[in-house]
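This briefing walks through selected local features of one structure, grouped by topic. Please keep the sequence and the model open while reading.

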Amino acid sequence: MSTSPFEIFRRNLKPLMVLLTGLALFAFVVLPVMDTYMRSGAAGSSDAVVASYGNTKLTQSRVEYFTRNHQSLVRFLYELADQTISRGGAPQTAGFQLDPQTQQIRSVGINQEPSMEGTVRTLMLASQAQKQGFDLDDAAIKSWLDLFTNEQFSDKEIDGMLRKSTQNRMGRPHLNEQLRSHLLANVFLSRGMSGLYTGGGPGSLPLATPEEQWSNFLKLNRNAVATAYGVLVNDYIDQTSETPSGEKIQEVYDEGKNRYASEQSPEPGFRRRYAARFEYLSGSLGSFLDDEVAKLSEEQIRAEYEKQLAGGELRLPESEMVVPQADDGTEDATTAPAAGDEPAATGDEPAAAGDEPAATGDEPAATGDEPAATGDEPAATGDEPAATGDEPAATGDEPAAAGDEPAATGDEPAATGDEPAAAGDEPAAAGDEPAAPEATDQSARSLKAVRLVATQESGQAEAATDQAVVVEASEELVEADSPATGEVAEEIESPQDVASESVTATEAEANATPATEEAPATEEAPATEPAVRTFEDERQRIAEQLAAPAAAIRLNAVLTEAFTQMQTYNNLLSIYKGDLEFYESKIAAGEEIDQPKEPKRPDLKKFAEDNGLEYEEIGPYSVANIQDEPIALSTEPGTQMGPGPGFPILMYGFNNGQTRFEPEQLLYPVRTTNATDGMQYLSWKTEEIEAYVPTLEQAREEVVDAIRFADARKIAEKAAKEIAEQLTDGKSFADVVPEARKDQIQGTIAPFTWMQSFGFQGASIGNVEELDSVGEDFMKAVFNAAEGQPVVSANQPKTVYYVVEPTRFQPALDELKIQFKQPTNRMMAMLLGNDSGSIISDFYKNVDEDADYVNFMNQDQE
């Protein structure tokens with residue numbers, strides 16, 4: 001007997017083929033059906049119900065499974081359409097769209113955005129279509145596939161492509177289930193939205209009559225200016241009954257028990273949101289900076305200061321520089337007066353210093369607002385001559401009359417009245433008082449000339465001793481070389497000539513001035529060092545700069561140590577829970593076994609005290625009311641693409657139908673940071689309170705408050721209408737509003753439109769910053785009123801009733817009509833179409849009520 005493997009295979013070929021065929025049928029037919037049943041129909045008792053309609057409850061596992069298959073279906077239909085087009089065919093099903101230019105597929109005819117929310121809606125709408133008599137059997141699904149493939153593929157080819165595309169996760173039963181649900185949902189939606197869109201669905205442009213386009217154009221382009229007064233509903237709650245009837249309480253409770261409260265909705269809600277308690281540590285760089293600064297030596301800080309000084313980082317900007325003052329109290333050369341302690345004659349000042357000006361006929365020594373020395377230069381500056389040797393005391397309309405010598409004597413002017421001072425007079429000495437304070441314009445000019453030369457030649461006039469030497473030299477020069485005033489007056493032809501001649505004379509006089517040891521006129525001044533910030537001013541900043549890296553390392557090390565302790569505890573707790581379940585099962589079976597030991601939870605409060613951190617315990621908070629806590633502003637450390645999810649998303653989860661974040665589990669550590677204030681947080685959830693519907697007794701107080709608030713709305717609305725009726729015969733809000741409430745009057749409100757456009761992304765209700773949460777009803781009341789006609793309308797949540805008086809609408813209607821005639825101007829109005837938004841909203845609302853539809857997935861994010 002042969003034992004060759006080939007001989008054995010040949011003899012058992014038929015049984016082997018039967019076995020392999022059976023395995024293939026089981027793998028590709030039976031297993032997918034079993035998997036579908038196990039996932040959708042046989043979910044465990046812990047599988048949460050995420051939505052319900054009629055008698056159907058949708059569990060999370062079933063919705064997730066349908067959503068995954070939806071993703072696979074969309075991908076498969078795209079591949080099948082591509083293959084159909086490549087074989088020369090074209091899908092003939094409703095809703096299929098192909099770009100004629102790029103030959104890219106725009107739509108395959110079903111919802112192309114798989115999501116949990118979309119799955120729930122699809123299943124509910126398909127159920128409603130079946131209730132209205134629509135249904136699709138497998139033969140109808142096959143006909144649809146034949147149209148989609150333009151009969152280019154056989155059933156076997158389609159099944160093979162499906163298994164390849166989905167990696168054997170979907171077979172024909174899954175395909176039929178998906179297509180049946182989506183096509184029935186499309187039929188139901190098409191019937192409900194017929195007449196709203198050009199293509200019969202939300203993917204196409206909305207239909208709009210010319211009247212609707214004109215209305216949309218006005219909403220986007222017409223501005224209103226108004227005054228308003230808000231009547232607060234809260235002010236009238238005291239006028240309502242504190243004990244509503246039992247029937248009313250029960251009625252309001254039944255209406256709102258399954259609804260969450262919303263600040264933007266007037267409808268009361270009593271359902272309790274998911275809530276949690278938290279424990280967290282927090283710290284910032286400043287928590288450890290002082291300790292690290294104390295560790296620095298003075299030499300380290302000084303060395304860093306010198307390093308920054310050498311690098312030019314500590315130079316003062318020009319705006320912070322301070323002009324130095326002389327030690328003896330005299331002013332710097334840039335601001336010092338020409339002679340004595342008084343400036344040379346400028347503007348409205350006398351020509352020469354002293355108690356009285358020198359007499360010059362009927363004219364003062366200095367007139368007008370012109371400078372005392374030259375035509376366009378100031379009286380005296382460090383860089384320009386205030387007066388020169390041959391100039392008169394002032395450059396007004398007439399030169400001051402003066403003698404050959406200074407006219408000042410003691411406390412009396414040299415001459416008074418209309419006579420000029422006598423030429424040749426000598427200065428009169430008055431006792432022991434010096435005559436310098438009474439110096440004439442000629443001595444002032446000579447003094448300024450020498451000061452100018454000293455400034456230009458040496459660049460130094462800082463010390464008081466140097467100034468004294470210059471003054472002494474100038475006074476000797478005045479006695480020896482001063483020309484007669486009359487000669488000066490005859491030689492001057494123009495201010496420009498005066499300036500050039502004065503400089504020449506000044507240089508000559510300066511050359512004759514004897515040099516002194518203290519301030520030689522020809523010595524070149526050393527370069528001035530730039531002004532810098534002092535070590536004392538910069539010490540704390542530099543110390544904190546040096547200590548910051550060490551403080552950051554220490555903060556991170558402390559938080560890392562705490563995170564390790566918390567994570568270790570979380571792991572040990574998970575092991576303990578497993579051991580505890582095993583222990584309880586053994587005890588229930590009558591076996592003796594040691595009870596597991598529960599791990600010790602870290603004491604975060606003590607850890608914070610020992611390590612310089614802050615400790616907080618907060619909650620219970622829902623996602624709606626935790627926003628006021630500082631930690632709610634923190635985010636998970638992100639990447640170069642930006643910050644990670646925020647603390648509320650991490651702890652409460654998130655699901656908008658497109659993106660889903662699962663909330664962190666109990667007692668699992670999470671690190672977050674606030675980039676704005678530099679705070680770092682380490683937190684975990686210590687207790688969870690699941691969302692629930694409270695009993696009437698639990699919610700009674702809220703129900704009574706809702707009833708009283710609704711009654712107060714009626715009183716507030718009546719009060720607002722009474723005020724509106726009084727705004728007649730030229731009366732304003734100030735005339736009719738009670739004195740105690742006049743602070744609630746809004747003056748002229750900035751121009752606002754009914755709707756605010758966002759281009760091709762659509763439009764939303766206009767924003768009125770001065771008022772609180774105005775809505776569609778408010779805009780309708782205002783823009784349908786005439787100028788000067790008071791109207792009453794509540795805001796969106798109906799917490800305030802506004803009395804509004806439109807004072808102006810702009811632009812004028814005639815101008816808007818001209819603009820509307822241009823096709824480009826009414827493009828946005830056409831895109832808005834009809835009032836499809838509210839129609840669709842009402843459509844879904846009616847469908848939900850008819851189907852008794854409840855969705856629990858997104859309510860915590862409302």
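Predicted model: local features only at pLDDT ≥ 70, side-chain atom pairs only at ≥ 80, totals over all residues.

Does K798 count as buried, partly exposed or exposed? K798 counts as partly exposed because its relative accessibility is 34%, a value that falls between the cut-offs of under 20% for buried and over 50% for exposed.

- With a relative accessible area of 52%, D852 is classed as exposed, because the class begins over 50%.

**Cis peptide bonds**

- The peptide bond that leads from G619 to P620 is cis, its omega being near 0°, and P620 belongs to strand β7, which covers residues 614–622.
- Q810 and P811 are also joined by a cis peptide bond, for which omega is about -10°, while P811 is placed in the loop between β16 (800–810) and α22 (813–820).

**The hairpin of β3 and β4**

- Strand β3 (residues 96–98) and strand β4 (residues 105–108) run antiparallel and are joined by three bridges, with Q97 having S107 in β4 as its bridge partner.
- The two strands, β3 and β4, form a hairpin in which six residues lie between them, and Q103 in the turn has a positive phi of about 60°.

**The packing of α16 and α17**

- Helix α16 (residues 535–588) packs with helix α17 (residues 604–611) at an angle of about 160°, and their axes are 11 Å apart.
- Because angles over 145 degrees count as roughly antiparallel, α16 and α17 are described as roughly antiparallel to each other, and their crossing is right-handed.
- On the α16 side the contact is made by V558, E561, A562, Q565 and M566, and on the α17 side by L604, F607 and N611.
- By residue class, the contact of α16 with α17 comprises five nonpolar residues, two polar residues and one charged residue.

Terms used: Residues numbered from 1 in each chain as written. Heavy atoms only, no water. Pairing = 2+ DSSP bridges. Helix = DSSP H or I, 4+ residues; strand = E, 2+ residues; numbered from the N terminus. Axes fitted to C-alpha atoms, helices over the stretch in contact; angles between N-to-C directions. Parallel < 35°, antiparallel > 145°, perpendicular 65-115°, else oblique. Left-handed = near helix turned anticlockwise from the far one by under 90°. Contact = heavy atoms within 4.5 Å. Nonpolar A, V, L, I, M, F, W, Y, C, P; charged D, E, K, R; others polar. Buried < 20%, exposed > 50% of the residue type's maximum accessible area, 1.4 Å probe, protein only.
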